[in-house]
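Here is a short briefing to keep beside the model while you look around. Please have the sequence and the structure open as you read.

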Amino acid sequence: MALLRKIWESISTRSSSNSGRHQLVLPESSTGAFDQLPIDVFMSILNHQQESWESILFAETRLRLGHPLQTSYNQMCHLSYMHIYGQREQVTGSVIIDGGSGYCKFGWSKYSCPSGHLATFLEFGNVESPMYSRLRHFFTTIYGRMQVKPSAHPVVVSVPICHYDDSESAKASRRQLKEALYSVLFDMNVPAVCAINQATLALYAARRTSAIVVNIGFHVTSVLPILHGKVMRKVGVEVVGLGALNLTGFLRELMQRKNIDFESLYTIRTLKENLCYVASDYEAELSKDTVASFEVSGEGRFTLSEERFQTGEVLFQPRIAGVRAMGLHQAVALCIDHCDAAELTGDNDWFKTIILAGGSACLPGLAERLEIELCGLLSPSMFKGIKVVSPPYGANSAWFGAKLISNLSTFPETWCMTKKQFRRNSRRNLISSW
């Protein structure tokens, strides 16, 4: 095909050739008029793109037509690189708001990373208090921080995962949340809105459309099977009753036991992010010298030892922190069993990739430890092919997934809803792709 894959495959060959301003020699019709450009000029154009070439290739072949997602490269029409490049250059910037359950990241789609962070003061899952007013306050604050008029740009919003099951009440709650979200943004005169859950965006950031996503949130950890960009709630979403707040609280408790003074939870969180890790063998780690120090701005230097790996161990042994819940590995193994039993596709390899998401999922050693634990829980045939992937962009993975979508050559038409469409569509159509 004449799309980006041929360009990517040909670049490595051309770039390794003799230096100098050589003419490009590409597969037939691979880049259109760009065939005649000198190699250094062409490479400059490629480097101008903020996303990696792998990400652009993934996005333009799998995501460009919106839902339902493309399941095969063969389903794509033949487009030249010049056509896609020209379209991508014409796409205007969008506002991206990753409304996490604990912390929110926001910024411009044309920027390399989020431009701002703040604590999320909105509980998306609490439907007892007025949802509209909380959402309005939330988005007004974000637009105020960014100093931009809501009417000036489309917005991509990541929605925290809530109301996990496939029951009618859960469907109604998700529908209520999404309708309130669209209502608020359109009342603020936002021209177009794209709302996708965090786990799916983190999946796209990892250049996948199908996998099991383990999202370690602020309060809970969710294990979601996602097939072709859609959460398979009927298969079963596993929820573990511990999250980042539990890890931070347990580290605080461990420090208090050793009479280590600190001023705020910010200090604890900073130490967790910079010193803590997950041991591949917890019992063996207890006999090792694991002392390390880190300086927190304004508070001085802190030294930790076994607290460094005991904090992350809560994910696998919640009882050490007084939490009554299954371990992370047990929840993932259960989800794998459900996916295997459901037989949704002829190829069951889709659920053997596990994507980690969330700030606490960035703890060093977590992916390796999860693989080790799954090896002990699953049969050899089931474990074969299992791969655990760390968050590709750290705590900002969902934001970068939204960035992939907002920079598509077909954005916003294929992914966004306008105010007119929102009013016309039925509730069933509104929630069909969530």
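The notes below cover strands, a helix, aromatic rings and cysteines.

This is a predicted model, in which local features need pLDDT of at least 70, side-chain atom pairs count only at pLDDT 80 or more, and totals for chains, interfaces and linings use all residues. Residues are numbered from 1 along each chain as its sequence is written, and side-chain values use heavy atoms, with hydrogens and water left out.

**Strands**

- Five of the five residues of β4 are buried, so the strand is largely enclosed by the rest of the structure. Here buried means under 20% relative accessible area, exposed means over 50%, and partly exposed is in between (1.4 Å probe, protein chains only).
- In a regular strand, side chains alternate between the two faces of the sheet. In β4, V155, V157 and V159 point one way, while V156 and S158 point the other way.
- Strand β1 (residues 95-99) runs parallel to β4 and is joined to it by four bridges; two strands pair if DSSP finds at least two bridges between them. I96 has V156 as its bridge partner in β4.
- Strand β5 (residues 193-197) also pairs with β4, in the parallel sense and over five bridges. There, the bridge partner of V156 is C194.

**Cysteines**

- Which cysteine sulfur is closest to that of C194? It is the one in C416, 5.1 Å away and too far for a bond.
- C416 is likewise in no disulfide, and a search of the whole structure finds zero of them (the cut-off is a pair of cysteine sulfur atoms within 2.5 Å).
- C194 counts as buried because its relative accessibility is 1%, and C416 counts as buried at 11%.

**Aromatic rings**

- The model holds 11 aromatic pairs. Rings of Phe, Tyr and Trp (its six-membered ring) pair if their centres lie within 6.5 Å; planes under 30 degrees apart count as stacked, over 60 as edge-to-face and the rest as tilted.
- One of these pairs is F138 with F139, edge-to-face at 5.2 Å centre to centre and with 70° between the planes. Both F138 and F139 are buried.
- W350 and F351 also make an edge-to-face pair, with 5.5 Å between centres and 85° between planes. W350 is buried at 9% relative accessibility, and F351 is buried at 0%.
- Ring pairs also link Y182, F186 and F422 into a cluster.

- Helix α13 (residues 366-377) has 12 residues and reaches 17 Å from its first C-alpha to its last, close to the 16 Å expected at 1.5 Å a residue. That expected span is 1.5 Å times one less than the number of residues.
- Its buried residues are L366, A367, R369, L370 and L374. Seen down the axis of α13, they fall within an arc of 160°, so they line one face of the helix; the arc is that of the directions from the helix axis to the C-beta atoms.
- R369 lies over the face of F316, at 4.5 Å from the ring centre. The rule for a charge over a ring is NZ of Lys or CZ of Arg within 6 Å of the ring centre and within 35 degrees of the ring normal.

**R136 in helix α5**

- R136 sits in helix α5 (residues 131-146) and is partly exposed at 32% relative accessibility.
- The C-alpha atoms of R136 and A180 are separated by 9.4 Å, with the two residues 44 apart along the chain.

Methods:
Helices (H or I, at least four residues) and strands (E, at least two) are DSSP runs, numbered from the N terminus.
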